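I am opening a new notebook page for this structure. The entries below follow the order in which I looked things up.

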Amino acid sequence: MHATPTTRTLAIAAALTLGLTLAGCSTSNSGSDTGSSSSTSAAAHNDQDVMFAQMMLPHHEQAVEMSDMLIAKGSGVDTDVTDLAKQIKAEQSPEITQLTTWLKGWGEPTESEHSGMGHSMSGMMSDSDMDDLDQASANDAAKLYLEQMVQHHKGAVDMAETEVAEGGNTDAVAMAKSIVSSQTEQITQMQDMLASL
């Protein structure tokens, strides 16, 4: 009769040990699962996501540069246009940081061989366009900035719509949807401004 409690005690002890071991494994596994799922979610992207980030990055950088040029013209520029330039800069600067962070997290270069391709980078200003804006008088700069930025935004919306349709990374697709929404609205706003200048 003594064997039974001992066997039972051993069985209980073994079960407890096994339970604790499994709990330990489960904890460490879930820990590594969490690590791998966050690295998986960071890595969960496709070629379209990479292309979107690599091309939207210089696109946004140029929009910020154009906005800085206009803001630097000072008080001679229509205040509504200056306010819009500040808004565009405030919206796109954090997205530049985010795009760079994604590319680094994905182990991808921040520059792409597609960057120089005109059709892929629709809406980008040429060097001569940028010179025209830089050298424009305060009076002419507002109209030129709006004309250029309408074209620039249309290019960004095209790229963002492709990302919404074909991207795999949920955060990148969410940014693309936001770009489509905000920049489509700004295109209308800028076209109204141009009509009233």
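Is Trp102 buried or exposed? I looked up its relative accessible area and found 12%, so Trp102 is buried, the cut-off being under 20%. I note here that the model is a predicted one.

Next I turned to Trp106. Its relative accessibility is 9%, and Trp106 therefore also falls under the 20% limit and counts as buried.

I then looked for aromatic pairs. A pair of aromatic rings is described by the distance of the centres and the angle of the planes. My search gave 1 aromatic pair. It joins Trp102 and Trp106, whose ring centres are 6.2 Å apart.

I listed 6 helices and 0 strands. Along the sequence the pattern reads α-α-α-α-α-α. The protein chain has 197 residues, and 34% of them are buried.

Which residues form the negative surface patch? I wrote down Glu65, Asp127, Asp131, Asp132 and Asp134. Helix α4, which covers residues 127-135, supplies the largest share of this patch with 4 residues.

My last entry is on Asp134. This residue sits in helix α4 and is a member of the negative patch. Its relative accessibility is 42%, which lies between the limits of 20% and 50%, so I put Asp134 down as partly exposed.

Key
Residues are numbered from 1 along each chain as its sequence is written. This is a predicted model: local features need pLDDT of at least 70, side-chain atom pairs count only at pLDDT 80 or more; totals for chains, interfaces and linings use all residues. Side-chain values use heavy atoms; hydrogens and water are left out. Rings of Phe, Tyr and Trp (its six-membered ring) pair if their centres lie within 6.5 Å; planes under 30 degrees apart count as stacked, over 60 as edge-to-face and the rest as tilted. Buried means under 20% relative accessible area, exposed over 50%, partly exposed in between (1.4 Å probe, protein chains only). Patches are made of residues with over 30% relative accessible area and no salt bridge: like charges are joined within 9 Å, nonpolar side chains (Val, Leu, Ile, Met, Phe, Trp, Tyr) within 5 Å. Accessible areas come from the Shrake-Rupley method with a 1.4 Å probe; for residues, only the protein chains shown count as cover. A salt bridge is a side-chain nitrogen of Lys or Arg within 4 Å of a carboxyl oxygen of Asp or Glu. Lys and Arg count as positive and Asp and Glu as negative; His and the chain ends are not counted. The place of a charge is taken as NZ of Lys, CZ of Arg, CG of Asp or CD of Glu. Helices (H or I, at least four residues) and strands (E, at least two) are DSSP runs, numbered from the N terminus.
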